Amino acid sequence: MSNLTIGQVAKITGASIDTIRFYERKKLIAPAFRKESGYRQFHPQIIDKITFIRRAKGLGFTLKEIEELLL
């Protein structure tokens with residue numbers, strides 16, 4: 001699978017584009033590679049990480065606790 005756009009990641013994970021940008025700003029996910037056009041390109045493995053974050057939030061973990069789990 002090739003790199004994914006933020007829209008594709010949002011569709012696959014069920015997370016909003018704003019949520020994905022937020023996770024990126026909070027360093028919960030690695031920063032996306034940017035094409036010359038400025039568009040974000042995510043490695044397909046990011047899907048697993050975002051899915052994990054969303055499931056952990058659903059179980060009541062805080063973002064700080066999730067950050068520690070990801071380390």
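In which helix is valine 9 found? Valine 9 is found in helix α1. The model is predicted, with local features needing pLDDT of at least 70 and side-chain atom pairs counted only at pLDDT 80 or more, while totals for chains, interfaces and linings use all residues. Residues are numbered from 1 along each chain as its sequence is written, and side-chain values use heavy atoms, with hydrogens and water left out.

Helices (H or I, at least four residues) and strands (E, at least two) are DSSP runs, numbered from the N terminus.

From lysine 11 to lysine 64 the C-alpha distance is 25 Å, across 53 residues of sequence. Isoleucine 12 belongs to helix α1 as well. At 47% relative accessibility, isoleucine 12 counts as partly exposed.

Helix packing was examined next. Two packed helices are described by the angle between their axes and the distance between the axes. Here axes are lines fitted to C-alpha atoms, for helices over the stretch in contact, and angles run from 0 to 180 degrees between N-to-C directions. Angles under 35 degrees count as roughly parallel, over 145 as roughly antiparallel, 65 to 115 as roughly perpendicular and the rest as oblique. Helix α1 (residues 6–13) packs with α3 at an angle of about 50°, and their axes are 10 Å apart. Helix α1 is therefore oblique to α3. The crossing of α1 and α3 is right-handed. A crossing is left-handed if the near helix is turned anticlockwise from the far one by less than a right angle, and right-handed if clockwise. For α3 and α4, the packing angle is about 135° and the axes lie 10 Å apart. These two helices, α3 and α4, are therefore oblique to each other. Helices α3 and α4 make a right-handed crossing.

Charged pairs come next. Side chains of opposite charge can pair when their charged atoms come close. A salt bridge is a side-chain nitrogen of Lys or Arg within 4 Å of a carboxyl oxygen of Asp or Glu. The whole structure holds three salt bridges. One of them joins the side chains of arginine 21 and aspartate 18, at 3.5 Å from N to O. Arginine 21 and aspartate 18 are three residues apart in helix α2, so about one helical turn separates them. Arginine 21 is partly exposed at 32% relative accessibility, whereas aspartate 18 is exposed at 54%.

A salt bridge also joins the side chains of glutamate 24 and arginine 40, at 2.7 Å from N to O. This pair links distant parts of the chain, with glutamate 24 in helix α2 and arginine 40 in strand β2 (residues 40–41), 16 residues apart. Glutamate 24 is buried, with a relative accessible area of 13%. Arginine 40 is buried too, at 19%.

In another salt bridge, the side chains of glutamate 67 and lysine 64 meet at 3.8 Å, N to O. Glutamate 67 and lysine 64 are three residues apart in helix α4, so they are separated by about one helical turn. Glutamate 67 counts as partly exposed at 30% relative accessibility. Lysine 64 is exposed, at 52%.

Lysine 27 sits in the loop between α2 (17–25) and β1 (33–34). Its phi is near 65°, a positive value in a residue other than glycine. Most residues other than glycine have a negative phi. Lysine 27 is exposed, with a relative accessible area of 71%. Leucine 59 lies in the loop between α3 (46–58) and α4 (63–70). With 69% relative accessibility, leucine 59 counts as exposed.

How values were computed. Buried < 20%, exposed > 50% of the residue type's maximum accessible area, 1.4 Å probe, protein only.
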